[in-house]
Amino acid sequence: MGQGVLEAPGYSRRDGVLWCEGVNLGVIAERMGTPTYVYSAATICNRLESLTQALAGLPVHIHYSVKANSSRAILALLKSRGVGVDIVSAGELHRALTAGFAGSDMVFSGVGKTAVELERAVRAGVKSINVESEGEIASLQEIAADLRVVVSVALRVNPDIAVDTPHKYTRTAELGMKFGIPHDSVMRVARGMTEMPNLKLTGIATHLGSQIDAVAPYARAAHLLVRLKREIEGAGIATISTLDLGGGLGLGASGDSGAYLQAYAEALRVIAEEPGTEILIEPGRFIVAEAGVLLTRVLYRKSSGGTEIVVTDAGMNDFIRPSLYESLHAIESVDIADEPKLLANVVGPVCESGDFFATGRLIPEVGPGSLLVVRTAGAYGYSMASNYNSRPRPAEVLVDGDRFALITERESDADLTRREISAPHWSED
Ligand code: LLP
(Lines give C-alpha, C1' and ligand atoms only; values in the text may rest on other atoms or scores of the structure.)
Protein backbone atom coordinates (compact mmCIF):
# COMPACT_ATOMS: atom_id res chain seq x y z
CA MET A 1 0.00 0.00 0.00
CA GLY A 2 1.08 3.56 -0.56
CA GLN A 3 2.78 5.81 1.93
CA GLY A 4 2.04 9.26 3.27
CA VAL A 5 -1.01 10.98 1.88
CA LEU A 6 -2.43 7.75 0.57
CA GLU A 7 -2.31 5.68 3.75
CA ALA A 8 -5.88 4.40 3.73
CA PRO A 9 -7.34 5.55 7.03
CA GLY A 10 -10.17 3.07 6.84
CA TYR A 11 -8.97 -0.11 8.55
CA SER A 12 -7.10 -0.63 11.81
CA ARG A 13 -6.91 -3.08 14.73
CA ARG A 14 -8.23 -2.33 18.20
CA ASP A 15 -7.23 -4.90 20.82
CA GLY A 16 -6.38 -7.23 17.96
CA VAL A 17 -9.77 -6.92 16.25
CA LEU A 18 -10.12 -5.41 12.78
CA TRP A 19 -12.28 -2.29 12.59
CA CYS A 20 -13.45 -0.25 9.63
CA GLU A 21 -13.19 3.35 10.82
CA GLY A 22 -15.09 3.36 14.14
CA VAL A 23 -16.98 0.12 13.58
CA ASN A 24 -15.95 -3.41 14.62
CA LEU A 25 -16.17 -5.64 11.54
CA GLY A 26 -17.40 -8.47 13.77
CA VAL A 27 -20.45 -6.36 14.62
CA ILE A 28 -21.21 -5.81 10.93
CA ALA A 29 -20.95 -9.57 10.32
CA GLU A 30 -23.34 -10.26 13.23
CA ARG A 31 -25.88 -7.69 12.15
CA MET A 32 -25.74 -8.01 8.37
CA GLY A 33 -24.55 -11.57 7.88
CA THR A 34 -21.85 -12.70 5.47
CA PRO A 35 -20.66 -12.43 2.78
CA THR A 36 -20.89 -8.64 2.86
CA TYR A 37 -18.92 -5.91 1.16
CA VAL A 38 -17.88 -3.16 3.57
CA TYR A 39 -16.66 0.26 2.40
CA SER A 40 -14.96 3.05 4.31
CA ALA A 41 -16.37 6.42 3.28
CA ALA A 42 -13.32 8.18 4.74
CA THR A 43 -10.99 6.16 2.53
CA ILE A 44 -12.98 7.00 -0.58
CA CYS A 45 -12.89 10.69 0.29
CA ASN A 46 -9.21 10.51 1.22
CA ARG A 47 -8.32 8.92 -2.12
CA LEU A 48 -10.26 11.52 -4.02
CA GLU A 49 -8.71 14.28 -2.00
CA SER A 50 -5.13 13.07 -2.59
CA LEU A 51 -5.78 12.91 -6.32
CA THR A 52 -7.38 16.35 -6.34
CA GLN A 53 -4.49 17.79 -4.35
CA ALA A 54 -1.87 16.27 -6.65
CA LEU A 55 -3.65 17.77 -9.66
CA ALA A 56 -4.30 21.17 -8.10
CA GLY A 57 -3.46 23.97 -10.50
CA LEU A 58 -4.19 21.88 -13.60
CA PRO A 59 -7.48 22.31 -15.50
CA VAL A 60 -8.61 18.77 -14.66
CA HIS A 61 -12.06 17.40 -14.13
CA ILE A 62 -12.39 13.96 -12.53
CA HIS A 63 -15.03 11.64 -14.00
CA TYR A 64 -15.25 8.66 -11.64
CA SER A 65 -15.61 5.42 -13.61
CA VAL A 66 -18.95 4.03 -12.43
CA LYS A 67 -18.14 0.43 -13.40
CA ALA A 68 -15.59 0.13 -10.56
CA ASN A 69 -18.30 0.41 -7.92
CA SER A 70 -21.77 1.37 -9.09
CA SER A 71 -23.66 1.42 -5.80
CA ARG A 72 -25.77 4.51 -5.71
CA ALA A 73 -24.81 5.43 -2.15
CA ILE A 74 -21.17 5.50 -3.29
CA LEU A 75 -22.12 7.49 -6.38
CA ALA A 76 -24.04 9.96 -4.21
CA LEU A 77 -21.03 10.30 -1.88
CA LEU A 78 -18.80 11.08 -4.85
CA LYS A 79 -21.37 13.46 -6.30
CA SER A 80 -21.30 15.37 -3.00
CA ARG A 81 -17.53 15.77 -3.52
CA GLY A 82 -17.96 17.45 -6.89
CA VAL A 83 -16.77 14.80 -9.34
CA GLY A 84 -18.43 13.81 -12.60
CA VAL A 85 -18.80 10.25 -13.88
CA ASP A 86 -17.73 8.04 -16.76
CA ILE A 87 -20.53 5.67 -17.78
CA VAL A 88 -20.53 2.76 -20.22
CA SER A 89 -24.15 1.66 -20.51
CA ALA A 90 -27.74 2.83 -20.21
CA GLY A 91 -27.81 0.96 -16.91
CA GLU A 92 -24.98 3.11 -15.58
CA LEU A 93 -26.75 6.19 -17.00
CA HIS A 94 -29.82 5.21 -14.98
CA ARG A 95 -27.74 4.65 -11.84
CA ALA A 96 -25.91 7.95 -12.20
CA LEU A 97 -29.07 9.96 -12.93
CA THR A 98 -30.90 8.44 -9.97
CA ALA A 99 -27.88 9.03 -7.72
CA GLY A 100 -28.14 12.75 -8.47
CA PHE A 101 -25.80 13.34 -11.39
CA ALA A 102 -26.93 15.46 -14.33
CA GLY A 103 -26.25 14.43 -17.91
CA SER A 104 -23.78 17.31 -18.11
CA ASP A 105 -21.69 15.54 -15.40
CA MET A 106 -21.18 12.47 -17.57
CA VAL A 107 -18.98 11.16 -20.34
CA PHE A 108 -20.22 8.04 -22.10
CA SER A 109 -17.59 5.50 -23.18
CA GLY A 110 -17.96 1.99 -24.58
CA VAL A 111 -17.20 0.01 -27.69
CA GLY A 112 -20.72 -1.29 -28.32
CA LYS A 113 -23.32 1.29 -27.43
CA THR A 114 -26.72 0.41 -28.89
CA ALA A 115 -28.95 2.91 -30.69
CA VAL A 116 -31.27 2.86 -27.69
CA GLU A 117 -28.39 3.63 -25.33
CA LEU A 118 -27.15 6.45 -27.56
CA GLU A 119 -30.63 7.93 -27.74
CA ARG A 120 -31.05 7.82 -23.97
CA ALA A 121 -27.67 9.49 -23.50
CA VAL A 122 -28.54 12.22 -26.01
CA ARG A 123 -31.89 12.84 -24.31
CA ALA A 124 -30.11 13.05 -20.94
CA GLY A 125 -27.77 15.72 -22.33
CA VAL A 126 -24.58 13.79 -21.65
CA LYS A 127 -21.55 16.13 -21.75
CA SER A 128 -19.62 14.02 -24.23
CA ILE A 129 -20.25 10.78 -26.06
CA ASN A 130 -16.91 9.08 -26.61
CA VAL A 131 -17.39 7.28 -29.91
CA GLU A 132 -15.32 4.26 -30.87
CA SER A 133 -16.19 3.43 -34.48
CA GLU A 134 -17.46 4.94 -37.72
CA GLY A 135 -20.60 2.85 -37.44
CA GLU A 136 -21.35 4.35 -34.06
CA ILE A 137 -20.75 7.86 -35.42
CA ALA A 138 -23.23 7.28 -38.25
CA SER A 139 -25.81 5.90 -35.84
CA LEU A 140 -25.36 8.81 -33.45
CA GLN A 141 -25.73 11.34 -36.29
CA GLU A 142 -29.05 9.76 -37.25
CA ILE A 143 -30.30 9.79 -33.67
CA ALA A 144 -29.24 13.39 -33.07
CA ALA A 145 -30.85 14.49 -36.38
CA ASP A 146 -34.14 12.79 -35.43
CA LEU A 147 -34.07 14.56 -32.08
CA ARG A 148 -33.01 17.85 -33.74
CA VAL A 149 -30.08 18.40 -31.42
CA VAL A 150 -26.35 18.86 -31.79
CA VAL A 151 -24.35 16.42 -29.67
CA SER A 152 -20.81 16.89 -28.31
CA VAL A 153 -18.62 14.01 -29.32
CA ALA A 154 -15.11 12.88 -28.43
CA LEU A 155 -13.20 10.43 -30.57
CA ARG A 156 -11.87 7.57 -28.46
CA VAL A 157 -8.45 6.85 -29.88
CA ASN A 158 -6.60 3.57 -29.78
CA PRO A 159 -3.11 5.04 -29.24
CA ASP A 160 -1.17 1.78 -29.70
CA ILE A 161 0.53 2.15 -26.34
CA ALA A 162 1.51 -1.06 -24.56
CA VAL A 163 1.15 -0.94 -20.80
CA ASP A 164 2.37 -3.25 -18.11
CA THR A 165 -0.56 -4.43 -16.01
CA PRO A 166 -0.92 -7.48 -13.75
CA HIS A 167 -3.07 -9.30 -16.33
CA LYS A 168 -3.42 -9.11 -20.09
CA TYR A 169 -7.20 -8.71 -19.84
CA THR A 170 -6.73 -5.29 -18.29
CA ARG A 171 -4.82 -3.76 -21.23
CA THR A 172 -6.83 -1.88 -23.81
CA ALA A 173 -4.64 0.36 -25.91
CA GLU A 174 -2.83 -1.68 -28.52
CA LEU A 175 -3.82 -1.92 -32.18
CA GLY A 176 -5.76 -5.09 -32.83
CA MET A 177 -7.70 -4.68 -29.59
CA LYS A 178 -11.38 -3.86 -29.82
CA PHE A 179 -11.16 -0.43 -28.19
CA GLY A 180 -11.10 2.94 -29.89
CA ILE A 181 -10.37 4.26 -33.36
CA PRO A 182 -6.82 3.46 -34.47
CA HIS A 183 -4.69 6.58 -34.02
CA ASP A 184 -3.71 6.59 -37.69
CA SER A 185 -7.39 6.74 -38.74
CA VAL A 186 -8.35 9.61 -36.47
CA MET A 187 -7.78 12.41 -39.00
CA ARG A 188 -9.85 10.63 -41.65
CA VAL A 189 -12.67 9.95 -39.22
CA ALA A 190 -12.56 13.52 -37.89
CA ARG A 191 -12.79 14.85 -41.46
CA GLY A 192 -15.77 12.59 -42.07
CA MET A 193 -17.50 14.14 -39.10
CA THR A 194 -17.57 17.54 -40.79
CA GLU A 195 -20.33 16.01 -42.96
CA MET A 196 -22.41 15.31 -39.86
CA PRO A 197 -24.38 18.44 -38.98
CA ASN A 198 -25.72 17.09 -35.69
CA LEU A 199 -22.38 16.06 -34.25
CA LYS A 200 -19.88 18.52 -32.83
CA LEU A 201 -16.38 17.16 -32.38
CA THR A 202 -15.17 18.69 -29.13
CA GLY A 203 -12.81 16.15 -27.62
CA ILE A 204 -10.35 13.32 -27.97
CA ALA A 205 -10.29 10.49 -25.45
CA THR A 206 -8.25 7.42 -24.70
CA HIS A 207 -7.92 4.76 -22.01
CA LEU A 208 -4.82 2.65 -21.62
CA GLY A 209 -5.76 -0.13 -19.22
CA SER A 210 -6.13 -0.79 -15.52
CA GLN A 211 -3.61 -0.90 -12.65
CA ILE A 212 -0.93 1.01 -14.52
CA ASP A 213 1.95 1.59 -12.11
CA ALA A 214 4.18 3.49 -14.55
CA VAL A 215 3.61 7.08 -15.56
CA ALA A 216 5.47 6.99 -18.89
CA PRO A 217 2.46 5.57 -20.82
CA TYR A 218 0.31 8.47 -19.62
CA ALA A 219 2.96 10.94 -20.76
CA ARG A 220 3.02 9.28 -24.21
CA ALA A 221 -0.77 9.31 -24.40
CA ALA A 222 -0.91 12.97 -23.37
CA HIS A 223 1.54 13.90 -26.11
CA LEU A 224 -0.43 11.92 -28.68
CA LEU A 225 -3.70 13.60 -27.70
CA VAL A 226 -2.08 17.03 -27.95
CA ARG A 227 -0.63 16.19 -31.34
CA LEU A 228 -4.00 14.98 -32.63
CA LYS A 229 -5.72 18.09 -31.26
CA ARG A 230 -3.24 20.31 -33.09
CA GLU A 231 -3.64 18.37 -36.31
CA ILE A 232 -7.42 18.52 -36.17
CA GLU A 233 -7.42 22.21 -35.37
CA GLY A 234 -4.63 22.91 -37.87
CA ALA A 235 -6.73 21.34 -40.62
CA GLY A 236 -9.66 23.55 -39.62
CA ILE A 237 -11.82 20.51 -38.81
CA ALA A 238 -12.91 21.38 -35.26
CA THR A 239 -11.93 23.09 -32.03
CA ILE A 240 -10.99 20.52 -29.41
CA SER A 241 -11.79 21.66 -25.88
CA THR A 242 -11.36 18.44 -23.89
CA LEU A 243 -8.65 15.80 -23.85
CA ASP A 244 -9.61 12.71 -21.84
CA LEU A 245 -6.86 10.38 -20.59
CA GLY A 246 -9.20 7.72 -19.21
CA GLY A 247 -8.57 5.81 -16.01
CA GLY A 248 -6.22 3.05 -14.97
CA LEU A 249 -4.20 4.67 -12.22
CA GLY A 250 -2.27 2.18 -10.16
CA LEU A 251 -0.60 2.89 -6.87
CA GLY A 252 2.90 3.48 -8.21
CA ALA A 253 5.59 0.92 -8.94
CA SER A 254 7.66 1.91 -5.90
CA GLY A 255 4.65 1.75 -3.63
CA ASP A 256 5.02 5.48 -2.99
CA SER A 257 1.74 6.71 -4.37
CA GLY A 258 2.45 10.30 -3.40
CA ALA A 259 5.41 10.36 -5.80
CA TYR A 260 3.36 8.49 -8.41
CA LEU A 261 0.59 11.07 -8.32
CA GLN A 262 3.09 13.90 -8.60
CA ALA A 263 4.64 12.25 -11.67
CA TYR A 264 1.15 11.64 -13.11
CA ALA A 265 0.33 15.32 -12.66
CA GLU A 266 3.57 16.18 -14.48
CA ALA A 267 2.54 13.90 -17.38
CA LEU A 268 -0.72 15.84 -17.70
CA ARG A 269 1.02 19.21 -17.77
CA VAL A 270 1.66 19.06 -21.52
CA ILE A 271 -2.13 19.19 -22.00
CA ALA A 272 -2.52 22.01 -19.50
CA GLU A 273 -0.18 24.08 -21.63
CA GLU A 274 -2.61 23.91 -24.56
CA PRO A 275 -4.75 27.03 -24.30
CA GLY A 276 -8.45 26.48 -23.60
CA THR A 277 -8.18 22.75 -23.03
CA GLU A 278 -9.83 20.89 -20.18
CA ILE A 279 -8.26 17.60 -19.08
CA LEU A 280 -10.64 14.82 -18.18
CA ILE A 281 -9.59 11.71 -16.26
CA GLU A 282 -11.67 8.64 -15.44
CA PRO A 283 -10.25 6.89 -12.39
CA GLY A 284 -12.24 4.05 -10.90
CA ARG A 285 -10.12 1.61 -8.93
CA PHE A 286 -7.88 4.32 -7.51
CA ILE A 287 -10.82 5.94 -5.71
CA VAL A 288 -12.62 2.90 -4.32
CA ALA A 289 -10.41 -0.24 -4.31
CA GLU A 290 -8.65 0.20 -0.97
CA ALA A 291 -11.85 1.43 0.67
CA GLY A 292 -13.56 -1.94 0.39
CA VAL A 293 -13.24 -5.40 1.91
CA LEU A 294 -15.25 -8.53 1.37
CA LEU A 295 -16.24 -9.84 4.79
CA THR A 296 -16.69 -13.61 4.77
CA ARG A 297 -17.01 -16.42 7.30
CA VAL A 298 -15.05 -19.67 7.23
CA LEU A 299 -17.38 -22.64 6.80
CA TYR A 300 -15.00 -25.57 6.87
CA ARG A 301 -11.38 -26.63 6.92
CA LYS A 302 -10.04 -29.75 5.34
CA SER A 303 -6.83 -31.12 3.94
CA SER A 304 -6.23 -32.94 0.70
CA GLY A 305 -2.94 -34.42 -0.47
CA GLY A 306 -1.07 -32.26 2.00
CA THR A 307 -2.86 -29.06 0.99
CA GLU A 308 -4.83 -27.22 3.66
CA ILE A 309 -8.13 -25.91 2.35
CA VAL A 310 -10.19 -23.18 3.98
CA VAL A 311 -13.74 -22.97 2.61
CA THR A 312 -15.46 -19.58 2.98
CA ASP A 313 -19.10 -18.58 2.52
CA ALA A 314 -18.08 -16.12 -0.23
CA GLY A 315 -17.30 -17.45 -3.66
CA MET A 316 -16.19 -16.42 -7.12
CA ASN A 317 -19.73 -15.24 -7.88
CA ASP A 318 -19.30 -12.64 -5.12
CA PHE A 319 -15.74 -11.64 -6.04
CA ILE A 320 -14.36 -12.86 -9.34
CA ARG A 321 -11.05 -11.00 -9.64
CA PRO A 322 -8.80 -13.78 -8.25
CA SER A 323 -10.43 -16.31 -10.61
CA LEU A 324 -10.53 -14.07 -13.65
CA TYR A 325 -7.21 -12.24 -13.38
CA GLU A 326 -5.37 -14.33 -10.77
CA SER A 327 -5.25 -11.09 -8.83
CA LEU A 328 -3.62 -11.02 -5.42
CA HIS A 329 -5.73 -9.76 -2.54
CA ALA A 330 -4.51 -9.78 1.05
CA ILE A 331 -6.60 -11.98 3.32
CA GLU A 332 -6.80 -11.15 7.01
CA SER A 333 -8.62 -12.53 9.98
CA VAL A 334 -10.99 -10.14 11.74
CA ASP A 335 -10.27 -11.53 15.22
CA ILE A 336 -6.82 -13.05 15.01
CA ALA A 337 -3.97 -10.57 14.85
CA ASP A 338 -1.26 -13.24 15.23
CA GLU A 339 1.35 -13.88 12.60
CA PRO A 340 -0.08 -15.91 9.69
CA LYS A 341 1.17 -19.48 10.10
CA LEU A 342 -1.30 -21.55 8.11
CA LEU A 343 -0.33 -22.28 4.51
CA ALA A 344 -3.67 -22.77 2.78
CA ASN A 345 -5.85 -22.38 -0.25
CA VAL A 346 -8.77 -20.09 0.54
CA VAL A 347 -11.66 -21.22 -1.62
CA GLY A 348 -15.36 -20.56 -2.11
CA PRO A 349 -18.35 -22.92 -2.26
CA VAL A 350 -18.92 -22.63 -6.03
CA CYS A 351 -18.57 -25.80 -8.07
CA GLU A 352 -15.52 -24.67 -10.03
CA SER A 353 -11.85 -25.35 -9.39
CA GLY A 354 -11.28 -21.72 -10.33
CA ASP A 355 -13.29 -20.60 -7.31
CA PHE A 356 -10.53 -19.38 -4.99
CA PHE A 357 -9.41 -16.19 -3.27
CA ALA A 358 -5.85 -17.34 -2.62
CA THR A 359 -3.71 -20.38 -3.27
CA GLY A 360 -0.69 -21.39 -1.22
CA ARG A 361 -1.12 -18.34 1.01
CA LEU A 362 0.02 -17.90 4.62
CA ILE A 363 -3.01 -16.87 6.65
CA PRO A 364 -3.82 -16.83 10.38
CA GLU A 365 -4.81 -20.11 12.04
CA VAL A 366 -8.55 -19.88 11.29
CA GLY A 367 -11.29 -22.46 11.64
CA PRO A 368 -15.02 -22.84 11.09
CA GLY A 369 -16.81 -19.67 12.18
CA SER A 370 -13.75 -17.40 11.84
CA LEU A 371 -14.28 -14.14 10.02
CA LEU A 372 -11.96 -13.17 7.19
CA VAL A 373 -11.67 -10.11 5.02
CA VAL A 374 -10.48 -10.07 1.44
CA ARG A 375 -8.78 -6.69 1.05
CA THR A 376 -8.78 -4.19 -1.81
CA ALA A 377 -12.21 -5.37 -2.88
CA GLY A 378 -13.92 -1.98 -3.24
CA ALA A 379 -13.31 -1.85 -7.00
CA TYR A 380 -14.71 -4.43 -9.41
CA GLY A 381 -16.00 -6.53 -6.51
CA TYR A 382 -19.74 -6.15 -6.17
CA SER A 383 -19.99 -4.62 -9.64
CA MET A 384 -18.73 -7.88 -11.17
CA ALA A 385 -20.71 -10.18 -8.85
CA SER A 386 -23.10 -12.68 -10.38
CA ASN A 387 -25.70 -15.23 -9.38
CA TYR A 388 -23.70 -18.23 -10.59
CA ASN A 389 -24.68 -21.43 -8.78
CA SER A 390 -27.92 -19.57 -7.99
CA ARG A 391 -26.21 -17.71 -5.19
CA PRO A 392 -27.86 -14.45 -4.16
CA ARG A 393 -25.50 -11.51 -4.42
CA PRO A 394 -24.10 -10.23 -1.10
CA ALA A 395 -25.02 -7.15 0.91
CA GLU A 396 -23.10 -3.86 0.79
CA VAL A 397 -22.48 -1.73 3.87
CA LEU A 398 -21.03 1.79 4.04
CA VAL A 399 -19.15 2.88 7.15
CA ASP A 400 -18.86 6.53 8.05
CA GLY A 401 -17.02 7.19 11.31
CA ASP A 402 -18.81 5.37 14.12
CA ARG A 403 -21.89 4.54 12.09
CA PHE A 404 -22.67 2.08 9.36
CA ALA A 405 -25.55 1.62 6.93
CA LEU A 406 -26.83 -1.04 4.61
CA ILE A 407 -26.55 0.36 1.07
CA THR A 408 -27.50 -2.78 -0.86
CA GLU A 409 -29.66 -5.53 0.59
CA ARG A 410 -28.52 -9.08 0.26
CA GLU A 411 -30.48 -10.73 -2.54
CA SER A 412 -33.11 -13.27 -1.54
CA ASP A 413 -33.92 -16.58 -3.17
CA ALA A 414 -37.06 -14.94 -4.52
CA ASP A 415 -34.88 -12.27 -6.21
CA LEU A 416 -33.15 -15.05 -8.09
CA THR A 417 -36.29 -16.23 -9.85
CA ARG A 418 -38.37 -13.03 -9.89
CA ARG A 419 -38.02 -12.39 -13.64
CA GLU A 420 -38.29 -15.99 -14.77
CA ILE A 421 -41.35 -17.36 -16.50
CA SER A 422 -41.41 -21.04 -15.67
CA ALA A 423 -44.48 -21.78 -17.78
CA PRO A 424 -43.53 -20.18 -21.12
CA HIS A 425 -46.18 -18.14 -22.99
CA TRP A 426 -45.41 -19.33 -26.53
CA SER A 427 -45.76 -17.02 -29.52
CA GLU A 428 -46.14 -18.15 -33.12
CA ASP A 429 -44.62 -16.26 -36.09
N1 LLP B 1 -12.35 4.60 -18.39
C2 LLP B 1 -12.61 3.61 -19.27
C3 LLP B 1 -12.99 3.95 -20.63
C4 LLP B 1 -12.49 2.28 -18.85
O5 LLP B 1 -12.73 1.30 -19.72
C6 LLP B 1 -12.11 1.98 -17.51
C7 LLP B 1 -11.99 0.61 -17.06
C8 LLP B 1 -11.88 3.06 -16.64
C9 LLP B 1 -12.00 4.35 -17.11
C10 LLP B 1 -11.50 2.86 -15.19
O11 LLP B 1 -10.31 2.16 -15.02
P12 LLP B 1 -9.66 2.04 -13.55
O13 LLP B 1 -9.23 3.43 -13.13
O14 LLP B 1 -10.69 1.53 -12.63
O15 LLP B 1 -8.53 1.12 -13.70
N16 LLP B 1 -12.48 -5.41 -14.10
C17 LLP B 1 -11.07 -5.08 -14.12
C18 LLP B 1 -10.77 -3.74 -14.66
C19 LLP B 1 -11.36 -3.50 -16.03
C20 LLP B 1 -11.54 -2.09 -16.24
C21 LLP B 1 -12.22 -1.78 -17.51
N22 LLP B 1 -12.23 -0.39 -17.81
C23 LLP B 1 -10.48 -5.29 -12.74
O24 LLP B 1 -11.14 -5.87 -11.90
O25 LLP B 1 -9.33 -4.90 -12.51
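Me: A disulfide is a pair of cysteine sulfur atoms within 2.5 Å. By this rule, how many disulfides does the predicted model contain?

Reply: The model is predicted, and the cut-off for a disulfide is 2.5 Å between cysteine sulfur atoms. The sulfur of C45 is too far for a bond, because the closest cysteine sulfur, in C20, is 12 Å away. By this rule the number of disulfides is 0.

Me: Is C20 buried or exposed?

Reply: A residue is buried when its relative accessible area is under 20%. For C20 the relative accessible area is 0%. C45 also falls under this cut-off, with 15%. C20 is therefore buried.

Me: What distance separates the centres of domain 1 and domain 2?

Reply: The domain assignment gives domain 1 as 4-39 + 289-417 and domain 2 as 102-283. The contact between them takes 7 residues from domain 1 and 9 residues from domain 2. Taken over C-alpha atoms, the centres of the two domains are separated by 35 Å.

Me: What area is buried between domain 1 and domain 2?

Reply: The size of an interface is often given as the accessible area lost when the parts come together. Between domain 1 and domain 2 there are 0 salt bridges, and 1 residue pair is in polar contact, with both residues at pLDDT 80 or more. Carbon and sulfur atoms give 69% of the buried area, which is about 560 Å².

Terms used
Residues are numbered from 1 along each chain as its sequence is written. This is a predicted model: local features need pLDDT of at least 70, side-chain atom pairs count only at pLDDT 80 or more; totals for chains, interfaces and linings use all residues. Side-chain values use heavy atoms; hydrogens and water are left out. Buried means under 20% relative accessible area, exposed over 50%, partly exposed in between (1.4 Å probe, protein chains only). Domain bounds come from an automatic or database domain assignment. Contact means heavy atoms within 4.5 Å. Buried area is the accessible area (1.4 Å probe) that two parts lose on being put together, summed over both. A salt bridge is a side-chain nitrogen of Lys or Arg within 4 Å of a carboxyl oxygen of Asp or Glu. A polar contact is a pair of N or O atoms within 3.5 Å; within protein, one must be able to donate a hydrogen and the other to accept it, and residues adjacent in sequence count only if both atoms are side-chain atoms.
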